[in-house]
Amino acid sequence: MAGRLLLRACTATTLHLRSGVAVRPLPRAMSTVRGVPTDEEQATGLERRTLQALKHGKDPYSILKPKTYAGTKEDPHIVPGIGNKRLVGCLCEEDNTAIVWFWLHEGGAQRCPSCGSHYQLVHHELPH
Ligand SMILES: [Zn+2]
């Protein structure tokens, strides 16, 4: 009986008992004044650090779509690397089935030996 009464009290906005005493329903956990918490409010650990970095315009884990570059000498394709050289594969034309592989060294922009697109190695710190 008491359980059924409590269930009715939770579903109705106000329950009036026979004696004239009004009983208000218990507030639900997610129906607080502030509403449902956002991802930023409830994120912890690595997810929280990633959201804070994204807010400042950084992408420490490369989860965003990479920016497109023209591939010219003035706007080379940026290749992040942790060392002083990195192996790069260039798909010279859109429907090519063969990839042209070459070593990209630290310093200025280098050209693909096949198509001539420019690539530049930029030092990238890995997040911890
Ligand atoms: Zn190429």
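Biologist: Why is Leu-87 called partly exposed?

Modeller: The relative accessibility of Leu-87 is 42%. Buried requires under 20% relative accessible area and exposed over 50%, with partly exposed in between (1.4 Å probe, protein chains only). Leu-87 therefore counts as partly exposed. This is a predicted model, in which local features need pLDDT of at least 70 and side-chain atom pairs count only at pLDDT 80 or more, while totals for chains, interfaces and linings use all residues. Residues are numbered from 1 along each chain as its sequence is written, and side-chain values use heavy atoms, leaving out hydrogens and water.

Biologist: What makes the nonpolar surface patch that includes Leu-87?

Modeller: Leu-87, Leu-91, Ile-99, Trp-101 and Trp-103 make the patch, which covers about 540 Å². Patch members have over 30% relative accessible area and no salt bridge; nonpolar side chains (Val, Leu, Ile, Met, Phe, Trp, Tyr) are joined within 5 Å, and like charges within 9 Å. The areas come from the Shrake-Rupley method with a 1.4 Å probe, and for residues only the protein chains shown count as cover.

Biologist: Which residues does UniProt place under "binding site"?

Modeller: The unreviewed entry gives Cys-90, Cys-92, Cys-112 and Cys-115. They span 26 residues in sequence, yet no two of their C-alpha atoms are more than 8.6 Å apart, so they gather at one spot. UniProt positions follow the numbering used here, feature names are shortened, and annotations may be inferred rather than shown by experiment.

Biologist: How many disulfides does the whole structure hold?

Modeller: The search finds zero; a disulfide would need a pair of cysteine sulfur atoms within 2.5 Å.

Biologist: Why is the contact between Lys-55 and Glu-40 called a salt bridge?

Modeller: Their side chains meet at 3.1 Å, N to O. The definition asks for a side-chain nitrogen of Lys or Arg within 4 Å of a carboxyl oxygen of Asp or Glu, and the pair is accordingly a salt bridge. Lys-55 lies in helix H3 (residues 45-55) and Glu-40 in helix H2 (residues 39-42), so the pair ties together parts that are 15 residues apart in sequence.

Biologist: Is Lys-55 buried or exposed?

Modeller: Its relative accessible area is 57%, so Lys-55 is exposed.

Technical notes:
Helix = DSSP H or I, 4+ residues; strand = E, 2+ residues; numbered from the N terminus.
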